[in-house]
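Thanks for coming. I'll talk through one model today, beginning at the ligand and then turning to the sheets.

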Amino acid sequence: MTIAMHGMGVSRGIAIGKTQVIQRDNLEIHESKISGDMIEAEVRRFENAATTARQQLRAIRNRIPDETDADIAGFIDAHLLMLEDAALIHEPVRLIRELGCNAEWALKLQGDALIAVFDEMHDPYLRTRKDDVNYVVNRMLRILLNQSPQRHEAPDNRLTGYIVLAHDLTPADTVLMQHNGITAFVTEYGGPTSHTAILARSLGIPAIVGLQHALRYINDEDMIILDGTHGVVLVAPDQHTLRHYEKLREQDKRYVSGLAKLKSKPTVTLDGTPIELQANIELPRDFTAVMEVGAAGVGLYRTEFLFMNRESPPDEEEHYATYVKAIEILDGLPLTIRTLDLGADKQFDGSRQNGGALAANPALGLRAVRLCLKEPALFRPQLRAIYRASVSGPVRIMIPMLSNLHEMNQVLEIIADIKSELDEKNISYDHNLQVGGMIEVPAAAVCADVFARHLDFLSLGTNDLIQYTMAIDRVNEEVSYLYDPLHPAVLRLIHNTLEAGRKANIPVSMCGEMAGRPQFTRLLLCLGLLQFSVHPSSLLEIKKIINESRMGQLSLLTDKILSAGDSQEVAEIMTLVNSVQ
Ligand code: PEP
Ligand code: MG
C-alpha cells in the first residue's frame with residue numbers, strides 16, 4: 001500500500017529511488033565522579049577529544065571538491081571555529097574541575113546550556129544555529145565515547161543513487177553525501193531557514209525537511225518518490241503512480257531547462273508592460289546565482305550575515321570591502337543594501353547584549369532601524385562604508401522597519417552628517433545615492449504616502465508586514481495558520497503602498513517571500529506591483545508567469561480583489577486567473 005507523507009519542500013525537483021536511513025546518534029551520557037587526583041587527566045582527555053574533532057573536520061573539509069562553493073566549506077569552517085570557542089572549549093574544562101565530573105557530562109551540560117540560549121532566539125536563522133552546537137558537541141561526545149564515525153562519512157560510494165533519510169542532517173553531512181552521489185534527502189527535523197535547507201537549494205538536490213515521523217514509516221531500501229517542489233513523499237508507490245511520477249520528473253526537468261532560456265529575455269507582460277525582476281541575497285554565494293539567472297539587480301541584500309557567529313560587529317573597513325566585492329561581482333547591476341536588521345534577541349554576539357536578557361516580545365522590540373538609531377556605533381560604520389563603496393558602482397540604501405516619520409528623519413540626519421564628514425575629508429561618494437525604506441509595519445503601509453514624499457523608493461517587506469498585520473509571530477508554528485498573505489487587510493496595505501508610490505512617482509518593489517511565490521505573481525500584478533525582488537532560485541519561474549500574463553486583463557480585477565471579504569474569496573478569484581495560460 002502506498003503511504004503519502006507531507007513535509008516542507010525546501011528544494012525543488014522530483015527524485016525516485018531507494019532509501020538509506022542515516023540513524024541519529026543516540027548518545028546516552030551519564031555523570032560520573034572523578035577523583036581529585038584524576039581531574040587533570042580528565043581535562044586532557046577532553047582537550048584531546050577537541051583536537052581529534054578538529055582533525056576530523058579538517059579532513060572532511062579537505063574532501064570537499066575545489067569547485068564547491070566557498071560558503072559551503074564556510075559552514076564547516078564555522079564548526080571548526082566553534083571548536084576554538086571559549087564557550088565550548090574552556091567552559092567544560094571549568095566544569096570538570098569545579099564539579100569533579102567526567103568530560104562527557106561537562107560537555108553535555110555546557111552544550112545544553114548553549115542550545116537553550118539559541119532556542120530562545122526569535123530570529124529563525126540564529127535559532128537554527130543551535131544545530132551547529134549540537135553537531136559539534138555530538139562529534140566530540142562520539143570521540144570521548146570511542147564511537148566510530150558515522151557511515152555516511154566514509155569516502156565511498158555506498159550512498160550513490162540513494163535518497164537519504166535522517167532525523168536531521170548537518171551541513172557537513174549534506175555536502176559529503178551530495179559529493180557521494182545521493183539524489184535527494186528527507187529529514188524529520190528542520191525548517192526552510194536551516195543550513196541544510198539553504199545548502200540543498202544551493203547544491204540543487206530535491207529535498208524535504210520537517211517530515212515528521214518519517215523514520216517510523218520508512219526503512220532502508222524502501223522505494224519512494226520525493227517531490228521537493230510540493231513537499232510530498234510517497235512510500236512504496238504502485239506501478240501506475242511510479243510511471244506517473246517518472247513522467248512528471250521528465251516534465252519538470254524540461255520545465256527547468258526551458259526556464260534557463262528565459263535568462264536573457266526581457267521581463268514584460270504579453271501586452272507590453274515591463275516589469276523589473278530583481279534578486280534577494282541572503283548569503284554572499286547568492287551573488288553568483290544572481291548573475292546566472294540574469295536578474296536586473298539586487299533588490300534586497302540582507303547584511304545580517306556580516307554580524308553573525310562573531311563576538312564583535314564588523315568595522316567600517318570590513319563593511320566597505322564586502323560591499324565593493326559585491327558591486328564588482330554585479331558588474332554594473334544595481335545593489336540595494338538593506339541596513340542592519342538585527343534586534344532584541346538577535347544581537348551579533350547572540351546572548352551577551354543587555355546582560356543576556358531577552359525581550360518578552362522580541363518582534364515588537366528593539367530591532368532593525370530602532371536598534372540602529374539607539375546604537376549609532378553599529379549603524380554609522382555601515383552607512384559610511386556604503387557611501388564610500390558607492391563610487392564603485394550603483395548602490396542604494398534601504399532602511400528596514402520604519403514606523404514613523406521621526407525615525408526616517410533621524411536616519412536622514414545621520415546620512416547628511418556622514419556626507420559632510422566625507423566631504424570634509426575629500427572622500428568621494430555618489431551624491432545621488434538613493435535612500436529608500438521598507439514598508440513592513442502596518443502603520444507605515446497606512447501612511448505610505450508620507451514616506452513616499454521623503455524617500456527615493458519603497459520596498460514591501462511582506463514577511464513582517466503579514467506578521468504585524470495579523471498579530472502573529474512569524475516563527476511560531478502554533479499560529480502559522482493565521483499567516484495569510486491573501487487576507488484582505490494585507491492586500492489593501494500592499495495596494496495602498498503601491499498607490500502611494502505611483503502618486504509620488506517613486507518606485508515601489510516587493511522583496512518579501514510573497515513576491516517569490518508563483519501562486520501570487522498574478523495577484524501582485526493585479527494590485528499594480530511592477531518591481532519584484534525574489535530569491536534567485538525562483539526568479540525564472542516568476543519571469544515565466546509575468547511573461548505569460550496580460551496586465552490589461554489583470555488590472556480589471558483590482559477592485560474585485562480589494563473588495564473581497566476574506567482570503568477564501570481572493571483565492572477563488574485567483575484560482576481562475578492563475579489557470580489562464
Ligand atoms: C520582510 O520582512 O519581508 C523582509 C524582506 O525582511 P526579513 O524577512 O529579512 O525580515
Ligand atoms: Mg522584514
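Sorted by class, the shell around ligand 1 holds 7 charged residues, 4 polar ones and 3 nonpolar ones. Keep in mind that this is a predicted model. Of those 14 residues, the ones that come nearest to the ligand are Arg-302, Arg-338, Gly-461, Asn-463 and Arg-474.

Now the individual contacts. Arg-302 places a polar side-chain atom 2.8 Å from an oxygen atom of ligand 1. Arg-338 also has a polar side-chain atom 2.8 Å from an oxygen of the ligand. How much of the ligand's accessible area does the protein cover? On its own, ligand 1 has 290 Å² of accessible area, and the protein covers 95% of that.

In terms of secondary structure, two elements each supply at least two residues of the shell: strand E10, residues 298-302, and helix H18, residues 462-470. H18 gives the largest share, with 3 residues.

E10 brings us to the barrel. Eight strands close up in the order E9-E10-E11-E12-E13-E14-E15-E16, and the pairing is parallel. From one strand to the next, the twist averages 30°. As one example of the pairing, E13, residues 434-439, and E14, residues 457-460, run parallel and share 4 bridges. Within that pair, Ile-439 has Leu-460 of E14 as its bridge partner.

H12, residues 316-330, lies across E10, E11 (335-338) and E12 (395-399), and it runs at about 155° to E11.

Next, the other sheet. This one is open, with 8 strands in the order E1-E8-E7-E3-E4-E5-E6-E2 and mixed pairing. What stands at its edges? Strands E1 (3-6) and E2 (8-11) do; each has a single partner strand, so one side of each is left without a neighbour in the sheet. The twist here averages 30° from one strand to the next.

Helix H10, residues 239-260, lies across E8, E7 (223-227) and E3 (14-22), running at about 110° to E3.

That is what I have; I'll take questions.

Terms used
Residues numbered from 1 in each chain as written. Chains lettered and ligands numbered in written order. Predicted model: local features only at pLDDT ≥ 70, side-chain atom pairs only at ≥ 80, totals over all residues. Heavy atoms only, no water. Near = heavy atom within 4 Å. Polar contact = N/O pair within 3.5 Å; in protein donor to acceptor, adjacent residues only side chain to side chain. Areas by Shrake-Rupley, 256 points an atom, 1.4 Å probe, with all protein chains shown as cover. Nonpolar A, V, L, I, M, F, W, Y, C, P; charged D, E, K, R; others polar. Pairing = 2+ DSSP bridges. Axes fitted to C-alpha atoms, helices over the stretch in contact; angles between N-to-C directions. Contact = heavy atoms within 4.5 Å.
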